[in-house]
Amino acid sequence: MRRVYRLWPVLAAGLLLGSPGPVLAQTADVEALRREIEQLRNELAAVQQQYGERLAALEAKLGAAQGTPAPASPPAAPPPQTAEVPPGAAAPGAPAGQLPVYGALTAGSKIFNPDIGMIGNFLGAVGPNRGGSETLAPTPFMTLQESEASFQAIVDPYARADFFLAIGEEGIEVEEGYATFPTLPGGLLVKAGKMRANFGRLNAFHNHTLPWIDRPLVMYNLLGGSSDDPDTGIKDAGVSVSRLIPAGNVFLEATGELYRGDSGTLFTSSRRQDVAALGRLRSYLDLTDQTNFEAGVSYTRGHNDMGSDFLTQLYGADVTLRWRPLSRAIYRSLAARTELIWSRREDLFTVQRAFGFYGSLDYQFARRWFAGGRYDQAERGMNAAIRDRGFSGVLTYWPSEFSQVRGQYRRTRYGDDGRVANELMFQLLFTIGAHGAHPF
Amino acid sequence: MRITRSIIAAAAIALLGASEALAQKKLNVVTSTEDLASIAREVGGDRVNVTALARGYQDPHFVESKPSFILTVNRADLYIAVGRELEIGWLPPLLTSSRNAKIQPGAAGYLDASLNVRILEIPTGQITRAMGDVHPLGNPHYWLEPGNGRLIAQAIRNKLGELSPADRSYFGQRYDDFDGRLAAAEKRWDATMAPYKGTKVVTYHRSWPNFMERFGLEVMGYVEPKPGIPPSPSHTLELIDEMKRQGVKLIVVEPYFSLRTPQAIANQIPGGRVLVLAPSVGGVKDVGDYLQLFDYNVNLLAAALKQVTGK
């Protein structure tokens, strides 16, 4: 608004300067204006006619698609917009005559807008957290912790793009923004941009797709959690290349990723060559139509906040067992997961070797109801002498595919001095707009 | 000289063998559902290998994008999708991670089977999710009408001919044969269903508009209060009242929904009956192909309607 006020004097000055002038010139001006208006009127009529014709053509098409008799065909279809073959392009086999102009009809259309979605993650907590730890941000009484905006579309015949913006209380962050190239030769799938790294199973999951409100302790303690950031996990700018390895009926996928080397409190890149590298091997097997088994191993390394000479290395193993009876798939399912992570962090004088894991079980016992439990245990990556332990019980209700209410009881024993925190957390997730596919 | 000749002969045989192997190489067709797979088999005959991802007894809206499907799609020369956003929750990531350029949407090996069929219930005006899980591009259960089955077969015939021009006439013959059998069967089905024209039924989900319209039945209401929303007590009571008022006795249910609410409704209605029909090929054991799908549904439905209407 203020900007508009500032413009007033400028506008006024312009009018003042523009208004005085000889009367003769003014009549000439009026004549010119009249001509211009006439011309505009004609143009408008032409445009109107053109649009009317296009609308009729569209209606006819729509009618045909619906199987109803199409309305009378438009009086005269607008001539297709064409262009001449550019000089110099003439050659045997080259295009000849008129070329179609693409994009002319759709220039004003919204049809190429990406699929847009917004997910609200409203959560809260009660109960003492007893000081928590430096790897874990405390959950306030109530917070719209994260609103995730997604923009997804196909870029061109060679790529698609996915953007996920996480809008938190502190500001906006590109949680992920990458292009995927699904049509490369050699069976390669390449992604480039900012991504959640393919380390282990859960790191690549967004918060709203987790079976819990929080993430397991091991992710906060070993994958770069901090008390300032409610989210944790390895996410960085880089390139990911993966391909399938032929192994009969077993799905086997190898992934290699290269990152800049900056991720939370885990990796810090002080020089351009301080990159982080990652490798993952993932296998999957259908045991029956309704039961399947997945196992993976991961490795990553990068430089830590001590400087370029200090490495942090992580080793991970994960196993998932799923059961879902196909004919009752919307009523019953079960997933058992575990993930183990070993961390080796070089410090000034020592090497911190920390280990952590979680094990969880989630059971869907009705169309809208899920219950689950998770056991957590993790040493802290920066100080492996401290070991935190915890247990969570979760109950989830789905009013529809687009919203979710969840309660979680979390009991954590912080290793520093045996403090025990009993927290009750609740969450409301709600989605508007495009609802992307669920990750498997 | 003899050696040269034998080498040339061997090379020629090898080349012949190779070209024969090439000619014999079957097209790998992967489809979203077993209905499309069945029609693709009808048209493709022994020149194609057809695999369906979803099972016929599974809710096609909620299929998991399992990594084993990625392997299947990875080897496909042609992917046939139901379209109309039926697979929106699971197909896009499968195609992206299939590492198969041939079957990406827009490529020659991707066929949306819904593009030239007759689609019902295309929403007009503003739609919101307050209406439940509505399909903005129309009802995707369009294959449950034999006429649409014929149109799907035509699209598949054209696409297969495009991908394998040498077999074009073969696919054409196969299509003509299927078309003939379908037309004969349609006469049979129409005759069986003729006495029940205008009878009202209730269905669980909006899976049956094409089917019911084809055979002249009227869908009076749904067990679901809104598409994709599980039954609620108030809606169930309203439905029972309305069924009693209009004399509707038959509730048609898909095999992947719980029978509890439909059964409870039927128990409240004198002469009420729940009938599980097959919405897809493979939905029940006896339904092995597209023609059997209608044989099964028409016979079962006619028998049930005979019982409840007394005709």
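In this predicted model, 31 residues of chain A are in contact with 34 residues of chain B. On the chain A side of this contact, β7 (188-196), β8 (235-244) and β10 (276-286) each supply at least two residues.

**Contact between the chains**
- Sorted by class, the side of chain A that touches chain B has 14 nonpolar, nine polar and eight charged residues.

**Helix α3 of chain B**
- Helix α3 of chain B spans residues 67-74, and its buried residues are B:P67, B:F69, B:I70, B:L71 and B:V73.
- Within chain B, the buried residues of α3(B) pack against β1 (27-31), β3 (78-81) and α4.
- From chain A, β9 (251-259) and β10 also pack against the buried residues of α3(B).
- Strand β10 of chain A also supplies at least two residues of the side that touches chain B.

**Arginines with positive phi**
- A:R130 is not a glycine, yet its phi is positive, near 55 degrees.
- In chain A, the loop between β3 (115-126) and β4 (142-156) holds A:R130.
- A:R130 counts as partly exposed because it has 16 C-beta neighbours inside 10 Å, and a residue needs 20 or more to be buried.
- B:R99, also not a glycine, has a positive phi of about 55 degrees.
- B:R99 sits in chain B, in the loop between α4 (91-96) and β4 (110-112).
- B:R99 has 22 C-beta neighbours inside 10 Å and therefore counts as buried.

Technical notes: Residues are numbered from 1 along each chain as its sequence is written. Chains are lettered from A and ligands numbered from 1 in the order in which they are written. This is a predicted model: local features need pLDDT of at least 70, side-chain atom pairs count only at pLDDT 80 or more; totals for chains, interfaces and linings use all residues. Helices (H or I, at least four residues) and strands (E, at least two) are DSSP runs, numbered from the N terminus. A residue is buried if 20 or more other C-beta atoms lie within 10 Å of its own, exposed if 12 or fewer, and partly exposed in between; C-beta atoms are placed from the backbone. Two residues are in contact if their C-beta atoms, placed from the backbone, lie within 7 Å. Ala, Val, Leu, Ile, Met, Phe, Trp, Tyr, Cys and Pro count as nonpolar, Asp, Glu, Lys and Arg as charged, and the others, Gly among them, as polar.
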